[in-house]
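Biologist: Hi! Could you walk me through this one?
Modeller: Happy to, here it is.

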Amino acid sequence: MASMEIDSEKTHERKQSDYTCLQDERFEIQKEMYRGQQYSQIYFARLHLMRTLLYSLAPSWKPHLPVCKVLGLEEGKECIIVGTLFKHMKLKPCVLDEYSKERSVTPLVKPRNFMHPDDSLILEDESGRVKLGGSALSPAVYVTGVVVALHGKETSAGEFVVEDVLEAGLPPQLERPLDHLKEDKYVLLVSGLSIGSNSSNPLLFQLLVDHITGHVADDEELGLAAQIVHVVIAGNSVEFPRKLLTGQNMASKDQSTLYEPIKELDIMLNQIAAGVSVDIMPGLNDPANFALPQQPLNRCLFPGSAPYNTFRSCTNPHSFDVDNIRFLGTSGQNIDDLDKYSEAESKLDFVERTLRWRHLAPTAPNTLGCYPFTDRDPFLIETCPHVYFVGNQDKYDNRLVKGSEGQLVRLICIPKFCETGVAVAVNLRNLECHTRSFNIQL
């Protein structure tokens, strides 16, 4: 990226960085073709790859125990089994139930979380499935789709009592050079702009843009702006009026109203891309495909921004390197879905679990929509990122996670900018992060 000067009485030169877009090709659906295939194949691909990994870890975990298939279990004999978890949930929504309740007088109340004390776990491999028992494996923590290795034994009732659990753990990480950076450089993360919503505030967006581009009077803030080398907008950038989305032909006036949020977003991105590189990821409310991985927003939506080589429309999930610091992130759907079907003290716990399970979206395709891949599972985390971010969360939070092999990962929950006026700056030198608030006190 070329250097840039920010005008003021004292000249500040924009810091430079090396940017590489990584692995987004595995999230792109190009040569894939839907031929009516079922979702079983993505589960087979996930189990095959994860089982190979867990088999390699088992000898150092429990060297004295044999590894068995579900069909080969013997009553009272301790062993290790590897398979995909299935969570039987009493309150899990069913399409048929919803259809039947549409005709009833009593309205259907949708709970925020579908957990129930009677929920249970089942382990499945190609040979069969077995119900799991014991206190070592909590149904509140795990979800359908996670691949684990379990130590235990089968009872006379046909239940496998779990004594210990082995997860895949953090994947290998590219080591950061000790003399990596001598100066502070920041990647700015923002999500949930929700341009066009009732709560959106154009002045708030302009304050953000002015900070990034250096159009500020304060010299200290100008210095901070010059240290921003990359910007990521992690989903839900626009919100359309629901009353217009009826599926019917729209009048020209309504079409113009529908395009207004995109037009405003393009103007904002135009200003940012003129000074610093920017990635935009699709989110749940954006004009992109619903199922993960979401494909890049069409560049024709951004006639003002697309001509800049600093503007990139990316997939969700999205992976990239800035100065050899690896970033991996989503627009938040994977974590929001875990919040519905499991429990944790904070959203960061969900984020950390996906990292330790080595899977970005374990609940896909069970409760989270995804494309029916036939020969691969693109959501497997093969290389440990240095920064793992999740967009569109209720509040900001961060945590530094350490792996067994010395991996260091900064986990970040990015709050909805439209509601909080908060963006997150990540320092490439030491992976420290802090918020930059643009709240307007009226």
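**Strands and a helix**

Modeller: Let's start with a bridge: Gly-329 is partnered by Phe-389 in S16. The model is predicted, so to speak of local features I need pLDDT of at least 70, and of side-chain atom pairs pLDDT 80 or more, while totals for chains, interfaces and linings use all residues. Residues are numbered from 1 along each chain as its sequence is written, and side-chain values use heavy atoms, with hydrogens and water left out.

Biologist: Which strand does S16 pair with over four bridges?
Modeller: That's S15 (residues 325-330), in the parallel sense. Strands (E, at least two residues) and helices (H or I, at least four) are DSSP runs, numbered from the N terminus. Two strands pair if DSSP finds at least two bridges between them.

Biologist: And which strand pairs with S16 over five bridges?
Modeller: S18 (residues 408-415), also in the parallel sense. There, Tyr-388 stands opposite Leu-411.

Biologist: Why is S16 largely enclosed?
Modeller: Seven of the seven residues of S16 (residues 387-393) are buried, so the rest of the structure largely encloses it. Buried means under 20% relative accessible area, exposed over 50%, and partly exposed in between, with a 1.4 Å probe and protein chains only.

Biologist: Now Ser-319, where does it lie?
Modeller: In strand S14 (residues 318-322). Ser-319 is buried, with a relative accessible area of 1%.

Biologist: What does its side chain reach?
Modeller: The backbone oxygen of Phe-327, at 3.4 Å.

Biologist: New topic: what's the strand order in the open sheet?
Modeller: S13-S12-S11-S10-S19-S20, six strands with mixed pairing. S13 (311-313) and S20 (433-437) stand at the edges with a single partner strand each, so one side of each has no neighbour in the sheet.

Biologist: How do S11 and S12 run?
Modeller: Parallel, with five bridges joining S11 (residues 228-234) to S12 (residues 277-281). Val-231 stands opposite Val-278 in S12.

Biologist: Last one, which residues of H4 are buried?
Modeller: Leu-204, Phe-205, Leu-208, Val-209, His-211, Ile-212 and Thr-213. At the start of H4, a side-chain oxygen of Asn-201 comes to within 3.0 Å of the backbone nitrogen of Leu-203. Just after H4, Gly-214 has a positive phi of about 85 degrees.

How values were computed
A polar contact is a pair of N or O atoms within 3.5 Å; within protein, one must be able to donate a hydrogen and the other to accept it, and residues adjacent in sequence count only if both atoms are side-chain atoms.
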